[in-house]
Amino acid sequence: MSKIHVTTKINGDTVEFLCDPRETVLDVLRDRLGLTGAKEGCGTGDCGACSVTLDGRLVCSCLVLGAEADGKEIGTVEGIAQGEDLHPLQEKFIEYAALQCGICTPGILVAAKSLLEKNPDPTEEQVRYWLAGNLCRCTGYDKIIRAVMDTAADLREAS
Amino acid sequence: MALDGTKDTAFKYVGTTPERPDGFDKVTGRARFGADMIAPGMLFGSIVRSPHAHARIVKIDTSKAEALDGVKAVVTRADFSSALECKPGMDGEIWNTLENVMAGEKALYDGHAIAAVAATSNLIARDAAKLIEVEYEILPHVTDVDLAMADDAPVIREGVTDYSVPKGMHPNVVRCHDQGHGDVEAGFAEADLVIEDHFTTEATHQGYIEPNACVATLGADGKGEVWCSTQGHWNVQKVCAALLDLETSQLRVTASEIGGGFGGKTTVFVEPVALALSRKANKPVKMVMTRAEVFRATGPTASTSMDVKIGMKKDGTITAAKGVFRLQGGAFPGAPCEFTAMCAFAPYNLANVHQTGYDVMSNRPKQAAYRAPGSPMAAFAVESVIDELCNQLGLDPIDVRLKNASHEGTRASYGPKFERIGLVETLEEAKAHPHYSAPLAEGQGRGVSCGFWFNHGGETSVSMAMSEDGSAQIMVGTPDIGGSRASMALMAAEVLGIPYDTIRCTIADTASLGYNEISHGSRVTYASGLAVIKSANAIVKELCRRAAAKWDIDADAVIWEDGYAKPSGPNAGDFEPLHIAEITATMGATGGPINGHFEATPEGAGVSFATHIVDAEVDKETGATKVVRYTVVQDAGKAIHPTYVEGQYQGGAAQGIGWALNEEYIYGEDGRLQNAGFLDYRIPVASDLPMIDTVIVEVPNPGHPFGVRGVGETSICPPLAAIANAVSAAAGVRMRNLPMSPPRILAALDAKSG
Amino acid sequence: MRYLTPASFEDAVAMATGSDGVIRFLAGGTDVLVQMRADIVTPDTLIDVKKIDGVHDISRADDGSWTIGVASTGAEMTEHDGLGKDWPGVVEAMDLIGSTQVQGRATLTGNLCNASPAADSVPAMIAAGATVSVTGPDGTRTVAVEDIATGPGKTSLAQGELISSVNLPARGAGGGDAYLRFIPRTEMDIAVVGCAVNLRVDGDTITEARVSLGAVAPTALLVTDAATALIGSTLDDAALDALAAAASAACNPIDDKRGTIEFRTKIAGVLAKRAAKIAYDRARAQQ
């Protein structure tokens, strides 16, 4: 089975890879590129643990073929912090205990960052619905929602 | 140091809320979970699973798979130990585990592993698995607990019923727990109102977001290593060694970060299979379950069928209580019928009580522990009946529970006398909480419930070492499933008197520390915490001894305060306090490394109780339910890291909401699981839930130096009943079957309106 | 599996007619990739239509009608300035599908061609009177949306045919549409019942109506009796009751893991009433 050559940008870096046409962006990130921050919780778009951005749009990387990424820009959890500085969402998630086991955290951070870029002043309901595709089994979402809301407030104040 | 039994013990570090040591890794994607390990030259494994609920395996033809380019090994049951024996009840648990991870003569449930393959890529492994041809002789199946006990039910396995089961029951009933005290019939005769009702709950899955995963390597020399997502790696070591005829010590197991377990990762599934494949291929093998495999083949909780009868006087006094609890735990013994029975009436001080639990086999996956295994279902049945009694007698549900509440000295429904417990305190806090007196909107109902869990101690080893700069490292053996590394460091900081940030707690692998039981039974903060405190005490003792030697005084004349060795008083001598770093800086020359360790099976895990308040809203046209307000009140003994304790309370409540409203294993007539994915196995999403308010009650556990009680499990005991009581109040009809899905609620409303 | 990226619909047709075995067209992929992952379908040829010119466009013609490209995602539809003002029911129906992440990929065309009886956007499109352009070896033809799905997972598209655009009629004055579905959770579920109502008013009186139901029969239904119940009324209680009765009567559902026959039949009537009220309010506001 012949492989497909793909050129893409991941977290700002140009990356080339060969992939089987059946492989998803998630498979490529994890198994071919060693970027294991995106997690596979379901492989069917139901849990959001593999959330990445594709040309700035929030998607499940398990629902995008590696071949479809050609010429696109991908953003993963590994690209959220700038150097040694955590993104305010990352800091707030630690501070608020908005994670317990942490398996859903990369996907939730990517999704929450995408929300705040689109809507810097979301209501609690908007945060809850935006994140409805990111399953968390540990926290009951309470501290996650608070962390996102309070980060948004901090960012508004800072801007 | 020692607990004086009051709430006023002054702590410097315990009770604060510093950031967890694994936080940075987990928000940056660096944390390594089960599927994140990469070993040089590793292969990928895939498992062939039965599509039938019950079938004899006539023939397995692996030739086409083996011929596929890239395939390096294929294994079946023949590649595992033949020395294990099937035995009645739980005596055969090791054989049961083998039979579950790789079927022998029969496929016992939809999803049962039949064979496995390892190949050079994940896609090749999956393709190869499809080429393995299995010939089945389909047998009659049963998946329902009541049907599995009926006379005409197919027998899952002969000869596994143990001594405890009364004669004349179906062979699928394999264990029985029967217990009580007083005279329940006399008690019912004293009651002004007796209610007896039937309840059912469906099987639910722990729903951890990280599928079971491992990387394993095993050579023909009998030496192996496993990296896996588990709640207990010594158990993985012990069980895998037995399943593969290895010496336990030759297998080294490292626990990865664990992406949720909730009891579901207390056993093995893919680990022995990966080892068998690795031995055959002579290369490391990675195995990661798909989500569908997780649902079909790992352990959900048991489903239940329950009858509960309670008598009450007009003043709210419970005169007698009786329950029969039937649990279906899949095709193996092990459904926690004894826990269901023992927890059922534990919150109440009863003169007359009797409980019976049955462990029943059916053609479903082998059940696994799920957060307070067995207790939530019992609470659902019992607390629903109490709620109905309160309704019919016009009594306040919290007052009635206070009137009957167990307290220190009560003879528990399951036998022993309670030591100091905090049930009354949770009820009083709940009653005083603004939630309890807040007005309800039209269409809403309020429910309350109590819940109980034993908590557990278990075999524990901890080791601690000082560094020359005065910082400390702790090695514990209980995988961190909720922030426990932070709690361990806090307790060590408290004893050593050094800042939290100078202590690093690591989950040691099986080669680096003595045996540790699984992270289960809410035991980690209690048992590993106790061992950390004892280890730190040993270090403090040694630090004092070194200071005494330096000062040339008696070791007894040195005290440890806030990180310093000090003379115990003027009589001991006049010396400048010695800071910990001053002592450790020269420890190599003053007697050698300063370490502490502790190993024991602590038995003072304090039982714990919770009271939950729930407001729910029901759309009577559609049966849709929304939980609009939720308050958890629970006794933590002592909250070491209060924010993480809140997290446990909130998580348990959220899982309870899912169980109560929408989660269920749905089997078709064909015995196949219909909803093996997060699309139709409906765990709560962010937009389903309200904020979950928490109240931490602290009634210290006399069995722990700082008063800790486990907190992880009790939080899932009250929700099913509290939500059912709220929904029943809102809908105006008693809901007796979980989940209370919209079709069920609408059907109940229709039945009521005739 | 071969992965192909045609530059035009004609290329796509040629690739499809020139391929053997199982062929799938890939738009958003939120169904196709799931089916591949679950081993339900492993195509021999996967034809990705997203590189065809114009497939991401959403445009309004001078006559007020709309053309939606086959690769336009739910998120793009929701973010569009004018589409949701004309056809809020269609946009909301699309928006209800899956998570924010799924919205970033999922398309109307994919939702239609997947031919699930429970597809959310399909009743909304049917109620709106939407058509699709179907391009095949013999050129392009126009087909009503209700004529595409023929059963669960089955469509009327012939080998080598694919949808090349979705067309919504001009909204016109006094028109309003709405879509509601019932799911057990608040998000992430497949519709247990879906109902779309599209109507036009003159003053307070309903002059035109189309009602469509999803997840209550092998395909989404256009329920003319339900529309008849509305036309000529001012959406009074009698009309609503007649609507609900007609909606329930049209149901031919199954018992499955998502709902029972009784439940679906009853909820169809409840949702029809609720959706009609929203559409009615919208229509009156559009006069």
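**Figure 1. Helix α18 of chain B in the predicted model.** Helix α18(B) is mostly covered, with 19 of its 20 residues buried. The structure shown here and in the following views is a predicted model. The helix comprises residues 642-661 of chain B. From its first C-alpha to its last it reaches 29 Å, close to the 28 Å expected at 1.5 Å a residue.

**Figure 2. The interface of chain A and chain B.** About 4,100 Å² is buried between chain A and chain B, and carbon and sulfur atoms account for 60% of that area. On the side of chain A, the residues that lose the most area to chain B are A:I94, A:Q100 and A:R137, which together make up 20% of what that side buries. The contact draws 46 residues from chain A and 50 residues from chain B.

Figure 3. Five salt bridges are counted between chain A and chain B. One salt bridge joins A:R137 to B:E663, with the closest N and O atoms 2.7 Å apart. A:R137 is also among the residues of chain A that lose the most area to chain B. Five helices of chain A each supply at least two residues of the side that touches chain B: α1 (25-32), α2 (88-95), α3 (105-118), α4 (124-130) and α5 (142-158). By class, this side of chain A consists of 21 nonpolar, nine polar and 16 charged residues.

Figure 4. B:G263 is placed in the loop between β11 (251-255) and α8 (271-281) of chain B. This residue counts as buried because its relative accessibility is 8%, below the 20% limit for that class. Leaving aside residues up to four places away in sequence, B:G263 touches B:Q206, B:Q231, B:A368 and B:A369. The C-alpha atoms of B:G263 and B:R371 are 5.7 Å apart in space, although the two residues are separated by 108 residues in sequence.

**Figure 5. The salt bridge between B:E210 and B:K265.** The closest N and O atoms of B:E210 and B:K265 are 2.8 Å apart, and the two residues form a salt bridge. B:E210 belongs to the loop between β8 (193-201) and β9 (213-218) of chain B, and B:K265 to the loop between β11 and α8 of chain B, so the pair ties together parts that are 55 residues apart in sequence. B:E210 and B:K265 are both buried. The loop between β11 and α8 that holds B:K265 also contains B:G263.

**Figure 6. The interface of chain B and chain C.** Chain B contributes 25 residues and chain C 20 residues to this contact. The area buried between chain B and chain C is about 2,000 Å², of which 52% comes from carbon and sulfur atoms. Eight salt bridges are found across the interface, one of them between the side chains of C:K266 and B:D750 at 2.7 Å, N to O. The count of residue pairs in polar contact, both at pLDDT 80 or more, is 13. On the side of chain B that touches chain C, the elements giving two or more residues are α4 (122-131), β25 (624-635) and α20 (742-753) of chain B. Among these, α20(B) gives the most, with four residues. This side of chain B has ten nonpolar, six polar and nine charged residues.

**Figure 7. Two salt bridges within chain C.** C:R60 and C:D86 form a salt bridge in which the closest N and O atoms are 3.3 Å apart. This pair links distant parts of the chain, with C:R60 in strand β4 (residues 58-60) and C:D86 in helix α4 (residues 83-86) of chain C, 26 residues apart. C:D86 is buried, with a relative accessible area of 12%. In the second pair, the side chains of C:D120 and C:R181 meet at 2.9 Å, N to O.

**Figure 8. A salt-bridge network with residues of chains A, B and C.** The network links A:D20, A:R22, B:R126, B:D127, B:K130 and C:D39. Over all chains, the count comes to 74 salt bridges.

How values were computed
Residues are numbered from 1 along each chain as its sequence is written. Chains are lettered from A and ligands numbered from 1 in the order in which they are written. This is a predicted model: local features need pLDDT of at least 70, side-chain atom pairs count only at pLDDT 80 or more; totals for chains, interfaces and linings use all residues. Side-chain values use heavy atoms; hydrogens and water are left out. The expected span of a helix is 1.5 Å times one less than its number of residues. Buried means under 20% relative accessible area, exposed over 50%, partly exposed in between (1.4 Å probe, protein chains only). Contact means heavy atoms within 4.5 Å. Buried area is the accessible area (1.4 Å probe) that two parts lose on being put together, summed over both. A salt bridge is a side-chain nitrogen of Lys or Arg within 4 Å of a carboxyl oxygen of Asp or Glu. Ala, Val, Leu, Ile, Met, Phe, Trp, Tyr, Cys and Pro count as nonpolar, Asp, Glu, Lys and Arg as charged, and the others, Gly among them, as polar. A polar contact is a pair of N or O atoms within 3.5 Å; within protein, one must be able to donate a hydrogen and the other to accept it, and residues adjacent in sequence count only if both atoms are side-chain atoms.
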